[in-house]
Amino acid sequence: MSSQEGIQERQTEILDNQTALMELEYEPEIVIEDCSFTNSQIRVDISNIGRGIAKHLYVHTDVHIGSLAPENRGHDPSTIPENAWHHSEDALFYRDDDGTEYVNGIGSLQRQNSIDTLTNRVAGGSIGSEEVQAFIGTPKVYRYPPGMGATGIRINQLMADLREIGIESVHITFDLIYCSEKTDPTTEDIRVKQITGRAFDLVEYDSLSEFLDMSGPTSGSRQEVIEQISEYPKYPPTNR
């Protein structure tokens with residue numbers, strides 16, 4: 001390598017590092033201030049203490065059922081097509097005896113009682129730097145009957161389904177997922193903040209309204225959530 005080529009390579013490396021530092025300087029940083037539940041709906045109070053805009057705000061529902069037989073945990077690749085919203089095997093949390101698979105899901109969040117001009121241009125809510133805002137949404141999971149398309153179901157419906165087949169308790173964690181303000185964010189731009197998690201008693205309770213009365217919160221690896229989301233072909237969503 002000539003000295004000129006070496007200088008050019010070093011200049012390129014310096015420029016790349018400067019670009020990366022500038023992007024970090026304008027990263028959003030979300031803080032979960034509070035949350036509450038009414039029937040099947042969640043309200044999340046959020047502040048953005050970073051210097052960038054956070055967009056594509058969704059709530060991710062992560063369900064875990066303990067003490068299941070192996071046949072109720074195994075994923076059949078033919079059940080969920082590759083172009084589906086979910087096709088990550090890790091997203092599966094229950095398979096019933098008829099072959100219907102239940103997988104974790106995401107639902108968009110929107111500002112409460114206000115007009116969000118940015119939301120008119122991007123899927124999911126958005127929040128600017130140094131903003132504090134309440135968002136509402138409907139958490140959901142997906143149900144895939146064999147040979148049929150997915151049905152998005154609310155958590156209250158999921159509770160009814162699981163109770164009917166004799167499951168008495170589940171662990172549910174709700175996470176906020178979002179991206180930086182890049183025009184076309186990629187899976188590498190996905191950020192996750194845990195909202196809350198609980199061990200939910202299906203025998204005594206039948207609505208998310210009582211969710212925060214349960215023991216908890218639970219915790220887990222947010223990296224696992226990112227890995228699940230990175231398998232979803234429709235997140236991050238493209239701008240409208």
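**Ring pairs and cysteines**

Tutor: Start with tyrosine 205, which is partly exposed because its relative accessible area is 22%. Buried means under 20% relative accessible area, exposed over 50%, and partly exposed in between, with a 1.4 Å probe and protein chains only. The model is predicted, so local features need pLDDT of at least 70 and side-chain atom pairs count only at pLDDT 80 or more, while totals for chains, interfaces and linings use all residues. Residues are numbered from 1 along each chain as its sequence is written, and side-chain values use heavy atoms, with hydrogens and water left out.

Student: How many aromatic pairs does the rule give?

Tutor: Rings of Phe, Tyr and Trp (its six-membered ring) pair if their centres lie within 6.5 Å; planes under 30 degrees apart count as stacked, over 60 as edge-to-face and the rest as tilted. Here the count is 7 aromatic pairs. One of them joins phenylalanine 93 and tyrosine 102: the centres are 6.2 Å apart and the planes lie at 45°, so this pair is tilted. Phenylalanine 93 and tyrosine 102 are both buried.

Student: Why is the pair of phenylalanine 200 and tyrosine 205 edge-to-face?

Tutor: Because the ring planes stand at 65°, with the centres 6.2 Å apart. Phenylalanine 200 is buried, at a relative accessible area of 0%.

Student: Which residues do ring pairs link into a cluster?

Tutor: The cluster consists of Phe37, Phe174, Phe200, Tyr205 and Phe211.

Student: How many disulfides are there?

Tutor: A disulfide is a pair of cysteine sulfur atoms within 2.5 Å. The count is 0 disulfides. Cysteine 35 is buried at 13% relative accessible area, and cysteine 179 is buried at 0%.
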